[in-house]
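Hi everyone, thanks for coming. Have a look at the screen while I bring up today's protein, and then I'll walk you through it.

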Amino acid sequence: MNITVEKMKAGIIGCGNISAIYLENLKNNPVIEVVAVADLIRERAQERADEFNIANVYNVDELLQNNEIELVLNLTVPGSHAMTDLAALEAGKHVYAEKPLAISLEDGRKVVELAEEKGLYVGSAPDTFLGSGIQTARKAIEDGLIGKPVAATSFFMGGGPEAWHPNPEFFYVAGGGPMFDMGPYYLTALITLLGSIRRISASAGIQIADRKIGSGPKEGTALQVETPTHLAGTIDFAEGAIATMITSFDIRGASDLPRIEIYGTEGTLSVPDPNYFNGEVKVRRYGQDTWETVKPVFESGQNERGIGVTEMVESIRAGREHKASGKLAYHVLEAMHSFQRSSLEGKHIHLESSYDSFAVTRTVQTEIETVESH
């Protein structure tokens, strides 16, 4: 007998660039139905509603007051994430937000604590770590392909988003910069693979302050840079591994550095770009002179944004803890702040939060196989 599970009705707050891929990926979702959109600019919300056949266009208060809506997808700009999360939780709704969880640690704590107090779920992007790329790398480590992890490198090296983004101002104020923009992808992947972070030491600076918007109606407009654009540091993990991490908007040429590599007692693991859900995982074992491609534990597309909130709703229904959780996002947020604090204070920063690792959420093979040599 087929049993139909009633979908959780959701509303989206924030109808900017990122909302389109969420709406595209969620339109045939088995557990979520997007029934409303809202934005401070009503015309922008109406455009998304027309594009994706969403019945209701509300202002933010109207959406929060609608008792039919149980879940809010918070796709606002970073400076509004915590405020919107708190408003949704106060309205009795579960909430899933784009990264980062908040700008300040205080606001991040308020979000996580309020959700716990009210018995509601709070989730946060990125959910790319749930894709085949990072999960295949995780399973490879669990299966001992490289022995015990002892070290890692992680590099995001670019020239900044002002060349292509029509409204890049928020990338260069508090809550922006390469760490708050791209750091969540890299840190979430590293935590997934290596466990909780114990301490961080780093240097941070604004290495290139002269920037102009490079496209769109604001082309040529000067940008005010108020947050570090280059951060380099060392991460000590609670289980012993030591990672070197750089995030930068100051690379005007190019870089051939790997996105992420994990070094173990028996070999090296090459991890794909954590901004995507898929990508090749490669291993080079101790004593070998070639890389082997690790067979994916499951197949993912390049952009499956929304699987984190889908897994959250499934977890709500099952009464279990979800994966792209506020707890994980807060640990990442504390790590990002620790890079800047270490640079300002000239010392190691010991993190107060932690995050326990979890099992791969999809059915996987008992053993990972290497299928192709390079």
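Two housekeeping points. This is a predicted model, where local features need pLDDT of at least 70 and side-chain atom pairs count only at pLDDT 80 or more, while totals for chains, interfaces and linings use all residues. Residues are numbered from 1 along each chain as its sequence is written, and side-chain values use heavy atoms, with hydrogens and water left out.

OK, the big picture. How many helices and strands are there in the protein? There are 9 helices and 18 strands, where helices (H or I, at least four residues) and strands (E, at least two) are DSSP runs, numbered from the N terminus. The radius of gyration is 21 Å, close to the 21 Å from the globule rule for 374 residues, so the protein is as compact as a globular protein of that length. That radius is taken over C-alpha atoms, and the rule is 2.2 Å times the number of residues to the power 0.38. Along the principal axes, the C-alpha trace spans about 65 × 60 × 35 Å.

Back to those two stretches. Residues 9-122 are 43% helix and 21% strand, with the end C-alpha atoms 16 Å apart. Residues 134-269 are 20% helix and 33% strand, and there the end C-alpha atoms are 11 Å apart.

Now, burial. Of the 374 residues, 54% are buried; buried means under 20% relative accessible area, exposed over 50%, and partly exposed in between (1.4 Å probe, protein chains only). As for contacts, meaning heavy atoms within 4.5 Å, 73% of those with a separation of 6 or more are between residues 24 or more positions apart.

Let's zoom in on a few residues. Thr 227 sits in the loop between β10 (222-223) and β11 (230-237). Is Thr 227 buried or exposed? Thr 227 is buried, at a relative accessible area of 4%. Leaving aside neighbours within four places in sequence, its contacts include Phe 171, Tyr 172, Ile 206 and Gln 340.

Val 271 belongs to strand β14 (residues 267-271), and Val 271 is buried too, with a relative accessible area of 4%. Not counting residues up to four places away in sequence, Val 271 touches Ile 134, Ala 137, Leu 193, Arg 259, Ile 260 and Ile 262. Compare Gln 224: Val 271 and Gln 224 are 47 residues apart in sequence and 35 Å apart in space, C-alpha to C-alpha.

Most residues other than glycine have a negative phi, and most peptide bonds are trans. Asn 53, in the loop between α2 (42-52) and β3 (56-58), has a positive phi near 60 degrees. Asn 53 is exposed, with a relative accessible area of 72%. Then there's the peptide bond from Lys 99 to Pro 100, which is cis, with omega near -5 degrees. Pro 100 is in the loop between β5 (94-97) and α5 (105-118). Another cis bond joins Ala 125 and Pro 126, with omega about 5 degrees, and Pro 126 is in the loop between β6 (122-124) and α6 (132-142).
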